[in-house]
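Hi,

Here is the structure I promised to pass on. Have a look at it first, and then read my notes below.

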Amino acid sequence: MAGEKKAKRVRKVHASRNPVLARGIGKYSRSAMYARKAMYKRKYKAPETKIEKKKREKEPATITKPVGGDKNGGNRVVKLRKMPRYYPTEDVPRKLLSHGKKNFALHKRKLRASITPGTVVILLTGRHRGKRVVFLKQLGSGLLLVTGPLTINRVPLRRAHQKFVIATSTKVDISSVKLPKHLSDLYFKKKKLRKPKHQEGEIFDTEKEKYEITERRKADQKHVDSQLLPIIKKVPQLRGYLRSTFSLSNGVYPHKLVF
Amino acid sequence: MTGKLWSKANFAGYKRGLRNQREHAALLKIEGVYSHNETEFYLGKKCAYVYKAKNNTVTPGGKPNRVIWGKVTHAHGSSGMV
């Protein structure tokens with residue numbers, strides 16, 4: 001039986017065999033740990049380093065290429081790695097490596113536990129402030145994809161920032177709603193409007209001076225809303241709730257409200 | 001139309017010892033908040049002091065308002081000051 005098992009048995013990783021005395025200081029010395037971890041049984045050969053590999057396979061420095069023409073001698077020897085054709089006036093020192101500094105694209109996106117797909121959410125900033133709106137999903141940049149639906153409160157498919165939104169405990173069951181896959185940050189990104197050039201005067205009106213709603217957006221809006229509206233209509237008073245806006249009045253204090 | 005989405009607060013003075021005051025931090029009495037544990041909601045929220053002055057400055061909305069912005073950093077005392 002043991003012979004049938006392959007050489008690679010799944011090994012359970014053992015907890016640290018070196019009890020901690022203080023942070024960063026273990027009880028056993030290096031040689032003691034060597035014995036405790038039975039490293040004498042586990043000697044591995046280090047994989048061949050890149051330097052050694054390069055020494056083995058030396059890549060060709062030049063290539064001979066055929067050349068046309070009668071009296072050109074048929075071949076030229078061409079260098080594979082050519083000398084740079086430009087050197088800057090001053091040598092620029094290399095940047096030091098930094099650790100843990102990630103680009104925005106690589107950041108971890110968080111989502112509050114109170115915001116789940118289908119939650120009714122109150123927008124606090126922007127032209128739609130105070131409106132109650134349905135949360136659909138979180139986009140790659142961390143922004144929330146949200147829709148009115150349009151026919152209920154004139155909020156289209158739009159992005160909202162998590163920090164500028166209050167999550168309510170009202171939830172709509174969105175599990176049956178299929179969102180088109182092309183709705184992403186790139187889809188919603190603001191387009192730069194081109195300003196008309198001064199030289200031509202008013203003759204040339206360059207495209208897109210004003211923002212126009214594309215047919216694609218209208219189609220996507222219809223597609224998503226048509227799935228949402230029947231679900232909303234089923235819940236009593238939800239449609240009216242989404243149509244209303246949120247505001248504070250006399251004696252209403254947000255720290256006392258339960259959302 | 002939208003109603004109010006903000007809370008009112010009174011400017012109660014600057015952060016101070018008995019005889020010296022530090023004008024870079026202020027004390028605010030938020031309406032409706034009268035105990036220390038109620039201030040948790042407001043921590044980190046932005047504050048704006050909006051006032052009018054004679055010469056109009058550029059503002060979004062075109063109105064002659066001026067603002068001093070700030071934010072709530074921590075609670076002060078046990079009666080909900082901030």
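**Where the chains meet**

Chain B puts 14 residues into the contact and chain A puts in twelve residues, with contact meaning heavy atoms within 4.5 Å. Before you go on, this is a predicted model, where local features need pLDDT of at least 70, side-chain atom pairs count only at pLDDT 80 or more, and totals for chains, interfaces and linings use all residues. Residues are numbered from 1 along each chain as its sequence is written, chains are lettered from A and ligands numbered from 1 in the order in which they are written, and side-chain values use heavy atoms, leaving out hydrogens and water.

About 1100 Å² is buried between chain B and chain A, 61% of it from carbon and sulfur atoms; that is the accessible area (1.4 Å probe) the two parts lose on being put together, summed over both. The rule finds one salt bridge across this interface (a side-chain nitrogen of Lys or Arg within 4 Å of a carboxyl oxygen of Asp or Glu). Glu38(B) and Lys256(A) form a salt bridge through their side chains, at 3.6 Å from N to O.

**Inside chain A**

The largest nonpolar core has 20 residues, and Leu136(A), Leu145(A) and Phe188(A) are among those with the most contacts inside it. Such a core is a set of buried Ala, Val, Leu, Ile, Met, Phe, Trp, Tyr and Cys residues joined through side-chain atoms within 4.5 Å, buried being under 20% relative accessible area (1.4 Å probe, protein chains only). A second, separate core of eleven residues includes Leu123(A) and Val146(A).

Leaving aside neighbours within four places in sequence, Leu145(A) touches residues including Leu157(A), Leu183(A) and Phe188(A).

Cheers

Terms used
Buried means under 20% relative accessible area, exposed over 50%, partly exposed in between (1.4 Å probe, protein chains only).
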